[in-house]
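Here's a quick briefing to read alongside the model. Have the viewer open, and let's walk through it topic by topic.

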Protein chains: 2
Amino acid sequence: MALGKNYDGQDCSLAKALEVIGERWTLLVIRDAMYGVRRYGDFLAHLDIPRAVLSQRLTALVEAGVLARRRYQDTPPRDEYVLTPMGRELWIPMLTMAQWGERHLADRGPRRLFHHVTCDTRLDLAHCPACGRHVPLDEVEVRPGPGLEGNRNDPVSRALESPHRMLDPIP
Amino acid sequence: MALGKNYDGQDCSLAKALEVIGERWTLLVIRDAMYGVRRYGDFLAHLDIPRAVLSQRLTALVEAGVLARRRYQDTPPRDEYVLTPMGRELWIPMLTMAQWGERHLADRGPRRLFHHVTCDTRLDLAHCPACGRHVPLDEVEVRPGPGLEGNRNDPVSRALESPHRMLDPIP
DNA sequence: CTAGCACGGTTCAATGAATGAACTAAAGTG
DNA sequence: CACTTTAGTTCATTCATTGAACCGTGCTAG
């Protein structure tokens, strides 16, 4: 196996998934895309990621089919990165992973609460505990939780200090 | 931020979780522990991982509370690595991630099928679709799926060619 | 009693990836 | 025309991963 991101001999779907989303920074880029971040500069400011790494990750995610690059204005020509349906489906692993972190690594309580907007129920796992239905990403709202530090001042952090519908663009 | 595994400014539970489970190889080590792998040599043979990296990951996971190191015989003294309750809870993010990989990256169908042993239902997501209950790891059985290549010959790969109860030690 | 072996590591040089600062380029604005 | 905004690229340095070799403990067979 070469150095780097592949797990060639593994014959395992988890390993295949990790070849796409397992690199450093990648899942945080996708998390931001789920929050509605679409522009290079917004990712950059919210993640504190080296520019070269962000470029590489965005390109790789577009190639993998997780993000799509889309022209949103012509003068000047500007592209944005939005989640594909395949990318949106990462919502469930991401939520369950974040909730695991919340249970075991957050000493001050949850930082963000995810609610099913159609019934206002707080989510746990992938099914809405109230209505039993599977909850798609665009029916979810994030709200600040008691554990949030709020020590950041970029546009994304500020937008997430109030309830925010997932996938809605950041102002 | 230093180079490496931390995401210091993030104030996010997903980032905190990724500091523990986001490094290269780490989730595959945990996957193997869920299959019942416990010994250094078995991890080594199944993962094709450099020895130094495996040592570092096992030590880090023990420090983080995901694995516990336990003496299982005294002559000669031998330790094994087993999942803690905190580690077992990673089951749900791992399953959902693997199923995402299966849906989008496996061209030949699923490699492994996960069934709820109490009702024999194939699992999708974290709730058993038949009985509606949340499915804990020790009620799950893995079975080979049609997409499995079966080109490996270490003890773990061989054990997983027939149905195997999760967490049961590898023979 | 001793040579060999199994297991669970550590050490080390080489290679590749991440980092952060500086630079580039295209296009619009005052 | 100078300046800004956005979205990158380039590059030297630092750090992590790799794979091969080595180490140490305590059996085990002759």
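By what turn and shift can chain B be laid on chain A, and with what RMSD? A turn of 180° with a shift of 0.0 Å along the axis does it, and the RMSD is 0.0 Å. That's how a two-fold axis relates two copies. Keep in mind that this is a predicted model.

**Symmetry and the shared surface**

- In chain B, B:Pro93 has the C-alpha nearest the axis, 2.4 Å from it.
- The copies meet through the same surface, because 100% of the interface residues of chain B are also interface residues in chain A.
- Chain A puts 39 residues into the contact, and chain B puts in 39 residues.
- On the side of chain B that touches chain A, the elements giving two or more residues are α1 (13-21), α2 (26-35) and α6 (91-105) of chain B.
- Of these, α6(B) gives the most, with 11 residues.
- Sorted by class, that side of chain B has 23 nonpolar, 7 polar and 9 charged residues.

**Chain A at a glance**

- Chain A has 7 helices and 6 strands.
- Reading from the N terminus, the order of elements is α-α-α-α-β-β-α-α-β-β-β-α-β.
- Chain A is 171 residues in length, and 38% of them count as buried.
- Take the contacts in chain A with a separation of 6 or more: 49% of them join residues 24 or more positions apart.

**Where α1(A) meets α6(B)**

- Two packed helices are described by the angle between their axes and the distance between the axes.
- For helix α1 of chain A (residues 13-21) and α6(B), the axes come within 7 Å and cross at roughly 80°.
- Angles of 65 to 115 degrees count as roughly perpendicular, and α1(A) and α6(B) are therefore roughly perpendicular to each other.
- From α1(A), the residues in this contact are A:Ser13, A:Leu14, A:Lys16, A:Ala17 and A:Val20.
- Facing them from α6(B) are B:Met94, B:Met97, B:Ala98, B:Trp100, B:Gly101, B:Glu102 and B:Leu105.
- Count them by class and you get 8 nonpolar, 2 polar and 2 charged residues.

**The nonpolar core**

- In soluble globular proteins, nonpolar side chains tend to be buried together.
- Here the largest nonpolar core holds 70 residues, and those touching the most other members are A:Leu14, A:Ile30 and A:Met94 along with B:Leu14, B:Ile30 and B:Met94.
- Pick A:Ile30 and skip its neighbours within four places in sequence: A:Ile30 is then in contact with A:Ile21, A:Val66, A:Gly87, A:Leu90 and A:Met94.

**α1(B) and its lysine**

- Helix α1(B) is mostly covered, with 8 of its 9 residues buried.
- Those buried residues are B:Ser13, B:Leu14, B:Ala15, B:Lys16, B:Ala17, B:Leu18, B:Val20 and B:Ile21.
- Is B:Lys16 buried or exposed? B:Lys16 counts as buried, because it has 21 C-beta neighbours inside 10 Å and the cut-off for buried is 20 or more.
- Neighbours within four places in sequence aside, B:Lys16 is in contact with A:Gly101, A:Leu105 and A:Ala106.
- B:Lys16 and B:Arg39 are 23 residues apart in sequence, and their C-alpha atoms are 27 Å apart in space.

**Two partly exposed spots**

- A:Gly65 sits in the loop of chain A between α4 (51-64) and β1 (67-74).
- With 14 other C-beta atoms within 10 Å, A:Gly65 is partly exposed.
- Not counting residues up to four places away in sequence, A:Gly65 touches A:Thr84 and A:Met86.
- A:Gly65 and A:Tyr81 are 16 residues apart in sequence and 11 Å apart in space, C-alpha to C-alpha.
- Over in chain B, B:Arg112 belongs to strand β3 (residues 112-116).
- B:Arg112 is partly exposed, with 19 other C-beta atoms within 10 Å.
- From C-alpha to C-alpha, B:Arg112 and B:Ala98 are 9.5 Å apart in space, while in sequence they are 14 residues apart.

Terms used. Residues are numbered from 1 along each chain as its sequence is written. Chains are lettered from A and ligands numbered from 1 in the order in which they are written. Helices (H or I, at least four residues) and strands (E, at least two) are DSSP runs, numbered from the N terminus. A residue is buried if 20 or more other C-beta atoms lie within 10 Å of its own, exposed if 12 or fewer, and partly exposed in between; C-beta atoms are placed from the backbone. Two residues are in contact if their C-beta atoms, placed from the backbone, lie within 7 Å. A nonpolar core is a set of buried Ala, Val, Leu, Ile, Met, Phe, Trp, Tyr and Cys residues joined through C-beta atoms within 7 Å. Ala, Val, Leu, Ile, Met, Phe, Trp, Tyr, Cys and Pro count as nonpolar, Asp, Glu, Lys and Arg as charged, and the others, Gly among them, as polar. Axes are lines fitted to C-alpha atoms, for helices over the stretch in contact, and angles run from 0 to 180 degrees between N-to-C directions. Angles under 35 degrees count as roughly parallel, over 145 as roughly antiparallel, 65 to 115 as roughly perpendicular and the rest as oblique. Copies are superposed by least squares on the C-alpha atoms of residues with pLDDT of at least 70 in both.
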